[in-house]
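Biologist: I'm new to this one. Please walk me through it.

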Amino acid sequence: MNTEKDFSPLTPNIVRALNDKLYEKRKVAALEIEKLVREFVAQNNSSQIRHVIQILASEFALSQHPHSRKGGLIGLAACSIALGKDSGLYLKELIEPVLTCFNDSDSRLRYYACEALYNIVKVARGAVLPHFNVLFDGLSKLAADPDPNVKSGSELLDRLLKDIVTESSKFDLVAFVPLLRERIYSNNQYARQFIISWILVLESVPDINLLDYLPEILDGLFQILGDNSKEIRRMCEVVLGEFLKEIKKTPSSVKFAEMANILVIHSNDLIQLTAMTWMREFIQLAGRVVLPYSSGILTAVLPCLSYDDRKKHTKEAAGACNYSLMKLVTLEDDEDEEPQSTTSLPSKDTANKKEGDLNGDSVCTYLESVLCCLCRADRTQVTLDLDGIVQVLDRHLRDASTGMMTRIAVLKWLYHLYIKTPRKMFRHTDSLFPMLLKSLSDESDEVILKDLEVLAEIASSPAGQTEYSGSRDSTDRTELHVPDGSKVVQLGSKVVDSSPSTPSMNSYFYKFMINLLKRFSLERKLLETRGAFIIRQLCLLLHAENIFHSMADILLKEEDLKFASTMVQTLNTILLTSAELFQLRNQLKDLRTPESCALFCCLYRSWCHNPVATVSLCFLTQNYRHAYDLIQKFADLEVTVDFLMEVDKLVQLIESPIFTYLRLQLLDVENNPYLIKALYGLLMLLPQSQAFQLLSRRLRCVPNPELMRTDSNPASAKRTTQPQVDYKELLQHFEQVQSKHLKVRHQRAGHTEHPDRKLVL
């Protein structure tokens with residue numbers, strides 16, 4: 001520095017001392033400057049005061065020489081001390097050169113800058129608040145300073161500034177929030193710690209309502225919550241906890257909707273737990289206000305439901321969110337909205353993005369659009385985002401990686417929506433139906449049970465009969481064709497269910513039955529492992545007679561005869577053994593009404609695909625003479641190993657509790673001769689196996705074999721032929737069906753002529 005230059009009113013000795021490398025000499029110069037400025041204050045000579053400050057700033061604090069900069073900093077601090085309460089008039093000139101030195105490469109100089117600013121702020125106190133943003137900006141940088149001395153000095157200055165803000169009632173929060181929103185996204189741990197500490201202070205000041213601006217900083221707080229430092233995470237948890245307490249105290253003033261979307265975009269474990277906790281409180285406090293954002297909430301909540309015990313708390317919080325949100329959907333959401341009360345919300349393509357896709361500009365753009373919508377929307381007029389919810393549920397249902405508990409939750413949601421908003425939901429049924437059918441192949445029994453509940457509700461809901469037809473134009477029709485002359489169900493028309501057995505079912509019932517049997521046909525493993533389970537559950541959820549009657553109707557025209565035989569065998573086993581079919585069995589045991597006779601004839605025609613199943617149906621309905629006639633026809637059938645195995649199973653069933661009444665009727669030989677003849681017919685079909693021995697022993701218990709002689713008058717039998725059933729026609733039908741089966745088997749085996757009957761082992 002040129003010491004010959006005129007620095008008046010600073011004396012050459014002061015200038016020389018300010019440039020000295022020794023701190024003690026610079027301190028002496030600062031005392032001289034303080035004395036000089038005091039004289040100017042006493043004289044009220046503000047121009048000279050500004051001149052001194054300007055010289056110290058430009059010629060010293062901003063000098064290229066490090067010792068000169070140090071002298072300028074201590075000189076500016078001395079000016080502030082001398083000015084006392086009047087320092088507020090010169091704060092801009094005093095603060096700016098000091099803040100510039102915060103960026104100096106010399107750590108000692110940065111420390112002196114902290115020291116100088118500390119003295120300036122200490123003297124000015126509340127007068128520095130108009131300059132708070134620049135002070136905060138400088139301190140936020142020093143908070144991450146690598147030098148421990150600088151960091152220590154900045155912490156002292158930080159505490160002083162916090163004391164001033166806490167004591168003052170003139171803090172400009174509106175001007176500060178934009179800077180806070182910018183700095184809160186810093187990745188530096190010390191800067192984050194600095195930000196969190198300030199938010200805590202501001203939140204503790206009664207006159208400062210930071211809650212109004214929480215939507216602007218909430219995302220940044222959740223970013224900090226994912227910091228690697230345990231201490232920073234703990235501080236952030238405290239801040240968020242304080243905000244949540246305040247939200248619970250004053251829910252009416254909270255901008256729930258603005259913050260709801262912020263909570264759903266974070267995937268870090270700890271962040272997710274806190275976000276789910278907040279979301280749970282939001283849903284409970286805000287209620288239906290969050291319904292327009294249900295799709296975004298579900299996108300975040302549903303995956304958490306499949307977490308294991310390592311994330312138990314997150315899973316529980318997500319479960320509570322899911323349950324509370326579901327309760328918000330009510331019957332009133334099925335009502336048509338009035339055009340003037342609806343609010344156009346942002347595209348659900350943005351709302352329904354996966355967590356990993358919601359970041360950066362896309363999040364900001366979406367949140368801004370949401371805020372605009374909320375400003376226009378009335379708080380009480382909220383619309384359920386049903387389309388968005390269905391999209392989210394459908395996406396999770398289609399995703400093979402979706403966990404079991406999430407799939408269950410999705411199906412519970414669908415069931416709930418079909419109960420509460422059936423008319424609107426049936427507009428989505430065509431798109432959902434294939435995935436619901438596919439879910440029947442799920443590995444989890446619980447998933448299948450929930451899936452069947454949804455399908456049963458679709459098949460039985462009254463809305464499926466009327467709403468569906470009104471939701472399409474006449475050109476958009478879906479036809480369900482049953483092969484070979486079966487009934488055609490047109491779902492685009494009003495009267496669609498042509499099955500005589502489903503008066504209480506809607507248009508989707510018959511569609512469901514057709515597609516279920518088709519799925520069993522394509523996935524034989526599903527039929528083997530879960531077929532009985534699925535059909536039994538459907539008999540509980542829907543009327544068992546409807547299930548069996550409709551399946552019998554469809555199987556009657558089934559072109560794949562092998563599948564038809566297998567399916568009939570499965571249905572027959574369920575009919576004879578399942579507790580769920582108790583009422584239907586009782587109905588079939590007594591063919592005294594036209595309805596029971598019609599049901600028997602319907603089942604019989606399809607049961608003809610499987611000879612042994614047909615005989616067992618006759619045993620169940622106590623048509624023993626017809627059973628005997630059928631067994632006589634077995635002489636014309638090809639006896640295979642599978643056939644004998646079915647006879648074996650029938651013998652086992654005869655010994656089961658289901659046929660207790662049949663075994664007791666063996667005591668009344670006179671009135672049940674055809675029962676005994678039929679059983680002997682089965683015995684003659686069997687090789688001398690274990691089943692043969694079992695049935696033989698049973699028949700030896702029949703009292704007085706002489707009574708087995710058949711009376712020439714069939715009227716002597718206890719059970720007479722029912723007038724509603726044409727058994728001769730049924731027998732002819734049996735012969736026709738079995739003829740088809742025999743023809744198909746020999747075509748597959750390459751035979752051109754009917755071979756001799758033989759036992760295929």
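Modeller: Two terms to begin. Contact means heavy atoms within 4.5 Å. Helices (H or I, at least four residues) and strands (E, at least two) are DSSP runs, numbered from the N terminus.

Biologist: And what am I looking at?

Modeller: This is a predicted model: local features need pLDDT of at least 70, side-chain atom pairs count only at 80 or more, and totals for chains, interfaces and linings use all residues. Numbering starts from 1 along each chain as its sequence is written, and side-chain values use heavy atoms, without hydrogens or water.

Biologist: How many helices and strands does the protein have?

Modeller: There are 37 helices and two strands.

Biologist: What share of its residues is buried?

Modeller: Of the 761 residues, 53% count as buried. Buried means under 20% relative accessible area, exposed means over 50%, and partly exposed is in between (1.4 Å probe, protein chains only).

Biologist: What about contacts along the chain?

Modeller: Take the contacts with a separation of 6 or more: 74% of them come from residues 24 or more positions apart.

Biologist: What is the mean pLDDT?

Modeller: The mean is 84, and 84% of residues reach 70 or more. pLDDT is the predictor's confidence in each residue, from 0 to 100.

Biologist: Where is confidence lowest, and where highest?

Modeller: Strand β1 (residues 479-481) is lowest, at a mean of 32, and helix α20 is highest, at 96. Over residues 339-380 the pLDDT is below 50, yet this stretch has 66 contacts in the model beyond near neighbours in sequence. Residues 751-761 also stay under 50, with 15 contacts beyond four places in sequence. Where pLDDT is low, the predicted coordinates should not be read in detail.

Biologist: Back to α20, then. What span should it have?

Modeller: α20 covers residues 404-420, and its 17 residues should span 24 Å at 1.5 Å a residue. The end C-alpha atoms are 24 Å apart, so that agrees. The expected span is 1.5 Å times one less than the number of residues.

Biologist: What covers its buried residues?

Modeller: The cover includes α15 (294-304), α16 (312-328), α19 (386-398), α21 (422-425), α22 (429-438) and α23 (445-460). Among the buried residues of α20 are Arg407, Trp413 and His416.

Biologist: New topic. Which residues have the most contacts inside the largest nonpolar core?

Modeller: Leu10, Leu221, Trp278, Phe548 and Phe619, in a core of 250 residues. A nonpolar core is a set of buried Ala, Val, Leu, Ile, Met, Phe, Trp, Tyr and Cys residues joined through side-chain atoms within 4.5 Å.

Biologist: What does Phe548 touch, apart from its neighbours within four places in sequence?

Modeller: Its contacts include Ile535, Cys539, Leu571, Leu603 and Trp607. Leu603 and Trp607 are among the buried residues of α30.

Biologist: Is α30 mostly covered or mostly open?

Modeller: Mostly covered: 10 of its 14 residues are buried. They pack against α27 (544-556), α28 (561-577), α29 (582-589), α31 (611-620), α32 (624-633) and α37 (727-748).

Biologist: What sits in the loop between α28 and α29?

Modeller: Ser578 is found there. Ser578 counts as buried because its relative accessibility is 7%. Beyond four places in sequence, Ser578 is in contact with Arg536, Thr573 and Arg585.

Biologist: How many aromatic pairs are there?

Modeller: A search of the whole structure finds 26. Rings of Phe, Tyr and Trp (its six-membered ring) pair if their centres lie within 6.5 Å; planes under 30 degrees apart count as stacked, over 60 as edge-to-face and the rest as tilted. Phe136 and Trp198 are edge-to-face, at 5.9 Å centre to centre and 75° between the planes. Phe136 is in helix α7 (residues 132-142) and Trp198 in helix α10 (residues 189-204), 62 residues apart.

Biologist: Why is Phe136 called buried?

Modeller: Because its relative accessible area is 0%. Trp198 is buried too, also at 0%. Ring pairs link both into a cluster with Phe132, Phe171, Phe176 and Phe194.

Biologist: Where are Asn44 and Gln622?

Modeller: Asn44 is in the loop between α2 (23-42) and α3 (46-61), and is exposed at 68%. Gln622 is in the loop between α31 and α32, and counts as buried at 13%.
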